[in-house]
Amino acid sequence: MSDIIHLLPDSVANQIAAGEVVQRPASVVKELMENSIDAGSTSIKVIARDGGKTLIQVLDNGCGMSDTDARMSLERHATSKISQADDLFAIRTLGFRGEALASVASVSQVTLRTRKHGNDLGTEILISGSVVESQEPVTCSAGTSINIRNLFFNIPARRKFLKTNNSELKHIIYEFQRVALANADIEFILEHNEEELYNLPRTNLKQRIVHVFGKSINQNLTNIDTETSIVKINGFIGKPEYARRTPGEQFFFVNNRFMKHPYFHKAVLSAYEKILPPDTLPSYFIFLDVDPDTIDINIHPTKTEIKFENELAIFQIVLAATREALGRFNLVPSIDFNAEGSIDFPVVRKDDQVQAPEIPVNRNYNPFDEEMRHNYQPDNSNRDNLKYWEKLYDHSGTGSNSLSGTSGAIHRPEQQSFPVQSSSTASDSIIQLKNRYLLTPVKSGLMIIDQKRAHERILFEQYLRSFAMNYPVAQRTLFPESVELDQADYLILCEIMDDLHAIGFDIRDFGTNTVVIAGYPADSKFEHPKELLEVFLEQYKSTNTNIKNSVRERIARSLAVAGSVNYGETLTQTLMQELVDALFACESPGYSPSGKPIVIIMGIDEVEKRFR
Ligand code: ADP
Ligand code: MG
């Protein structure tokens, strides 16, 4: 006997396939739930015992199977979802490989009970380790119920590698959440050891997110919504201050299938850059809808890694859409998700009329003409600027403006040199509350600004610009000041000396732990550079070292915190107006460099409600 190659028995082939598809109880839950969805169910119940190790049962009210189909469904490569290779490029169902049930049946004891709507009787199949034990007619409700007992009973090595019940349950919950989020219009129930963990009624996506993650997420989401020819994006993203240290609320779905996509994840993170507290992750629930023809789902048996034909373009679109969504809710009062049909903020779409912002400039103005200067009434006074930005957030008018498109335009340094009108009318005034907040009326209500955070944001962006343009805005000291530092601080300073020069510090090393400061970045509150340097160093040392943040960003952040006005400082009317103007000339006026909110608006409705 010289020939040694033979075909593997089905049971062995199935077990090998199971190695890829079925890693743990959670994989079974995922496959079965997906089958129920593909079967058109509107209600799906998942029951597990002992982390799914002893029992997983999935019951649905979908289309059910005929006797023959039920028997066939347990064979490998048996599927009703595709029939030819071309179908692989038009997949809208979750399953298509036809291997899940066969794989599961090869490593567990299965009872499949199913009845097609319209048939009087259903069928029940018992199968254990790929061996069919019986099939007989039964009375059962329409739909399908699959019962998986003792997963890996016949592969002790794999059973041994399962984690604790709690840990396996956690994985089941993750899979359950993903499927439940992608299908808000289906009712889902999850029960574990006789305890109901989730009972999710049919609803919309907003409500589904709230039902899954709890009420506190309610106020912290805004919708993301964009349509282009290659991808349609919708869903929700979380506020920066809601970002968590632990991952768990980051979800991408493509054509309603959960996917992991590290590259698009990066796109979302880039949009949040500089407004997230260090080491935190924003929540997002982003649904991409693309032509099935442009993706490849078939690269991994679990189908969570997906290849996109237009990856680069979609990266940019995800980034832009996230930015736009962030910008939009930067300053908008929180949305109440409890209110069904609550306001949806209009979004810029391809065909929207986007108007370029206009900045009225008096071209005849001559600052050296004394008389003219005296009578100068800037059309573009600081107050107008305030009203002007408000328009940006006012989507109720004709055509909405894209924030990203305008923010560059409002930033116009020359405007800051216009003379500030001291004779502002009463309604123009900004009130300082408790030497901490700036209050000013706006069209939609009362705007409250945190003075320190606002100044931090202004300085932060100014310093980043200095770095980017290599053009520091510095002020010189009349008399250079020498500062003696302790050894550690001195070493840190030497390390970042070049960057400090780039940001406007004129510092020279004098040896023996001493430096001399002859200039420092403009606009800090300190009159003595020595103080600024000291506070800066403290701040710099205490900010989280994080490879994600470059040294320069860390410097800009620390210097902004060190140099900003403190709480408790009284600000003059002029200063307050300058602060407000400069804030709204920032790219991200809504959040401090560490991701805390700077501005809130108390809506007029809220005020009226309180008077009722
Ligand atoms: P796939 O989902 O990739 O087609 P599966 O092994 O998961 O492969 O399922 C095989 C077939 O069994 C499916 O194509 C479907 O026709 C049928 N099937 C599985 N689960 C259900 C269910 N809950 N309701 C109706 N039909 C089902
Ligand atoms: Mg399937």
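Q: How are helices and strands defined?
A: Both are DSSP runs, numbered from the N terminus. A helix is H or I with at least four residues, and a strand is E with at least two.

Q: What kind of model is this, and how are residues numbered?
A: This is a predicted model, where local features need pLDDT of at least 70 and side-chain atom pairs need 80 or more, while totals for chains, interfaces and linings use all residues; side-chain values use heavy atoms, without hydrogens and water. Chains are lettered from A and ligands numbered from 1 in the order written, and residues are numbered along each chain from 1.

Q: Where in the chain does N435 lie?
A: N435 sits in a loop. Strand 16 (431–433) comes on one side of that loop and strand 17 (437–442) on the other.

Q: What is the phi of N435, and is the residue buried or partly exposed?
A: N435 is not a glycine, yet its phi is positive, near 50 degrees. Buried means under 20% relative accessible area, exposed over 50%, and partly exposed in between (1.4 Å probe, protein chains only). N435 has 24% relative accessibility, so it counts as partly exposed.

Q: Which loop holds N193, and how exposed is N193?
A: N193 lies in the loop that links strand 7 (187–192) to strand 8 (195–200). N193 also has a positive phi, about 45 degrees, without being a glycine. Its relative accessibility is 37%, so N193 counts as partly exposed.

Q: How many helices and strands does the protein chain have, and what share of its residues is buried?
A: The chain has 20 helices and 22 strands. Of its 612 residues, the buried share is 51%.

Q: Which residues come nearest to ligand 1?
A: The shell around ligand 1 has 18 residues, each with a heavy atom within 4 Å of it. Helix 2 (25–38) and helix 4 (100–106) each supply at least two residues of this shell. The nearest residues are N35, T79, S80, K81 and G98.

Q: How far is the side chain of T79 from an oxygen atom of ligand 1?
A: Polar contacts to ligand 1 are pairs of N or O atoms within 3.5 Å. Oxygen atoms of ligand 1 lie 3.2 Å from a polar backbone atom of A100 and 2.9 Å from a backbone N or O atom of L101. For an N or O atom in the side chain of T79, the distance is 2.5 Å.

Q: How much of the accessible area of ligand 1 does the protein cover?
A: On its own, ligand 1 has 530 Å² of accessible area, by the Shrake-Rupley method with a 1.4 Å probe. The protein covers 93%.

Note on methods:
Polar contact = N/O pair within 3.5 Å; in protein donor to acceptor, adjacent residues only side chain to side chain.
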